[in-house]
Amino acid sequence: MATTEVFSSPTDPNADEFDYRPLSMAAIASLVFGLVSSLTIVAARTSPSQCLLMCPIPLLGIFLGVIALSKIRQMPNQLSGKGLAVAGLSLSLVGLIAGVGYASFVYATEVPDGYHRTSFEELRPDEVERRGNNLIPRDIQKLDGKKVFIKGYMRADSTPRRHNVDKFLLVRDNEQCCFGDLSSVQFFDQILVETVDNLTTDYSTGIFRAGGTLRIHPENLGLGVGHPVYELEADHLE
């Protein structure tokens, strides 16, 4: 499928005759993917994994741009759209390189000195641990009472405030696992955050970067809502 681009040459003695050359659809698609490639940079602020999920967008833009330029070069009198292909290829390259580079920079610099990076994935027991009824992973047990850094989202119904929030549930994501019925949220997908040193924050649907002392309460396993297994005494929030 192709759209049609119309050209008339001022030196053509038959001014009423037109040269019809289809506009390369691959070039148009490359430009579209190139424009959307900026999402990789936006996602890089959240995490490298989110950035990687967006990388197929600029990769497709690059692939389609190369295909379009190759076809136009092979059939210069039959296809047009070289400028669109070059723009799409360039924007896609910029989105890919800038996104991955920014994600790497954020990952390397976001953890304050003295904090150990952890994640909700590490809080989750694997199948072997579940079968052995060791629901707190050993590596996490070693962090009890230590300074940790973790990223997540504020559960909206865990605090009545929208400003000067000093206590809330930090959950793994803001999409599927953690915003249904609170009783259905797994213990390893939530951390009770209580700030110290008069630290407060405002409610946001965006990602939170939290640091503080991790407290583990294995005695709360199986007790459900209101009895968090993981608690963070937060002295760092952004």
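This is a predicted model: local features need pLDDT of at least 70, side-chain atom pairs count only at pLDDT 80 or more; totals for chains, interfaces and linings use all residues.
Colleague: Which residues of α1 and α5 make the contact?

Modeller: On the α1 side they are Ala-27, Ile-28, Ser-30, Leu-31, Phe-33, Gly-34 and Leu-35. From α5 come Leu-84, Ala-85, Ala-87, Gly-88, Leu-89, Leu-91 and Ser-92. By class, that contact has 10 nonpolar residues, four polar and no charged.

Colleague: Why are α4 and α5 called roughly antiparallel?

Modeller: Look at the angle again: helix α4 (residues 56-74) meets α5 at about 155 degrees, with the axes 8 Å apart. Anything over 145 degrees counts as roughly antiparallel, and α4 and α5 are therefore described that way. The crossing of α4 and α5 is left-handed.

Colleague: And how do you know which residues of α4 and α5 meet?

Modeller: The test is heavy atoms within 4.5 Å. In α4 the residues are Pro-58, Leu-59, Gly-61, Ile-62, Gly-65, Val-66, Ala-68, Leu-69 and Ile-72. Facing them in α5 are Lys-82, Ala-85, Val-86, Leu-89, Ser-92, Leu-93 and Leu-96. This contact divides into 12 nonpolar residues, three polar and one charged.

Colleague: What does the contact between α1 and α4 consist of?

Modeller: Ala-26, Ala-27, Ala-29, Ser-30, Phe-33 and Val-36 of α1 meet Ile-57, Leu-60, Gly-61, Leu-64, Gly-65 and Ala-68 of α4. Nine of the contact residues are nonpolar, three are polar and none is charged. Gly counts as polar in this scheme.

Colleague: Let's turn to the largest pocket. What is its volume, and which residues are closest to its centre?

Modeller: The volume is about 860 Å³. There are 30 lining residues, and Thr-46, Ser-47, Ser-49, Gln-50 and Ile-207 are the closest to the centre.

Colleague: What makes a residue part of that lining, and which elements contribute two or more?

Modeller: A lining residue has an atom within 4 Å of a pocket point. The elements giving two or more residues are α2 (39-44), α3 (48-54), α6 (120-123) and β4 (147-154). β4 provides the largest share, five residues.

Colleague: How does the lining of the largest pocket divide by class?

Modeller: It has 11 nonpolar, 11 polar and eight charged residues.

How values were computed
Residues are numbered from 1 along each chain as its sequence is written. Side-chain values use heavy atoms; hydrogens and water are left out. On a 1 Å grid over the protein atoms alone, a cavity is a set of points where a 1.4 Å probe fits but cannot get out, and a pocket is an open set with protein on both sides within 12 Å along at least five of seven lines; lining residues have an atom within 4 Å of a point. Grid points are joined across faces, edges and corners, and a volume is the space filled by probe spheres set on the points. Helices (H or I, at least four residues) and strands (E, at least two) are DSSP runs, numbered from the N terminus. Axes are lines fitted to C-alpha atoms, for helices over the stretch in contact, and angles run from 0 to 180 degrees between N-to-C directions. Angles under 35 degrees count as roughly parallel, over 145 as roughly antiparallel, 65 to 115 as roughly perpendicular and the rest as oblique. A crossing is left-handed if the near helix is turned anticlockwise from the far one by less than a right angle, and right-handed if clockwise.
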